Amino acid sequence: MKTITICMGSSCFTKGNGDNAEFIQNYLAMHYPGETIEIRGCLCEGECKKGPNIRVGDKLYTEVSLEMLPDIIEEAVRSE
């Protein structure tokens, strides 16, 4: 199963992952309503200084902004 893991630790959350999580859910609902992608939260990716952090499979994205999310989501959709 394809997975997007959003760090919801206090550092990443305050740096924008609350908004990022909402964007991801809305984007998937709008563009990929039939696609099965699991969206998970985690407490810490261990890269707090580089946050907000989002993981697609084994790949960690750091300093994630709303502008980066469409490309990250598209990679998640294409991943095996």
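## Overall dimensions and burial

Of the 80 residues in the protein chain, 38% are buried (buried means under 20% relative accessible area, exposed over 50%, and partly exposed in between, with a 1.4 Å probe and protein chains only). This is a predicted model, in which local features need pLDDT of at least 70 and side-chain atom pairs count only at pLDDT 80 or more, while totals for chains, interfaces and linings use all residues. Residues are numbered from 1 along each chain as its sequence is written, and side-chain values use heavy atoms, with hydrogens and water left out.

Along the principal axes, the C-alpha atoms fill a box of roughly 35 × 20 × 20 Å. The protein chain exposes about 4,800 Å², and carbon and sulfur atoms supply 51% of this area (Shrake-Rupley method with a 1.4 Å probe; for residues, only the protein chains shown count as cover). Among contacts between residues at least 6 apart in sequence, 67% join residues at least 24 apart (contact means heavy atoms within 4.5 Å).

## Secondary structure and sheet

The protein chain has two helices and four strands, and its elements run β-α-β-β-β-α from the N terminus on. Helices (H or I, at least four residues) and strands (E, at least two) are DSSP runs, numbered from the N terminus.

The four strands form an open sheet of mixed pairing, in the order E2-E1-E3-E4 (two strands pair if DSSP finds at least two bridges between them). Strand E2 (37-42) and strand E4 (59-61) are the edge strands, each pairing on one side only. From one strand to the next, the twist averages 20 degrees (axes are lines fitted to C-alpha atoms, for helices over the stretch in contact, and angles run from 0 to 180 degrees between N-to-C directions).

## Strand pairing and crossover

Strands of a sheet pair through backbone hydrogen bonds, either parallel or antiparallel. E1 and E2 run parallel and are joined by six bridges; Thr3 stands opposite Glu38 in E2. The chain passes from E1 through H1 to E2 in a right-handed β-α-β crossover (right-handed if, with the strands pointing away from the viewer, the path from the first strand over the helix to the second runs clockwise). Helix H1 (residues 10-31) lies across strand E1 (2-7), E2 and E3, at about 150 degrees to E1.

Strand E3 (residues 54-56) pairs with E4 in the antiparallel sense over three bridges. Arg55 has Leu60 in E4 as its bridge partner.

## Individual residues

Asp19 lies in helix H1 and counts as exposed because its relative accessibility is 53%. Asp19 and Leu66 are 47 residues apart in sequence, with their C-alpha atoms 8.0 Å apart in space.

Most residues other than glycine have a negative phi, and most peptide bonds are trans. The peptide bond from Gly51 to Pro52 is cis, with omega near 5 degrees; Pro52 lies in the loop between E2 and E3. Glu63, a residue other than glycine, has a positive phi near 50 degrees. Glu63 is placed in the loop between E4 and helix H2 (69-78), and its relative accessible area of 54% makes Glu63 exposed.
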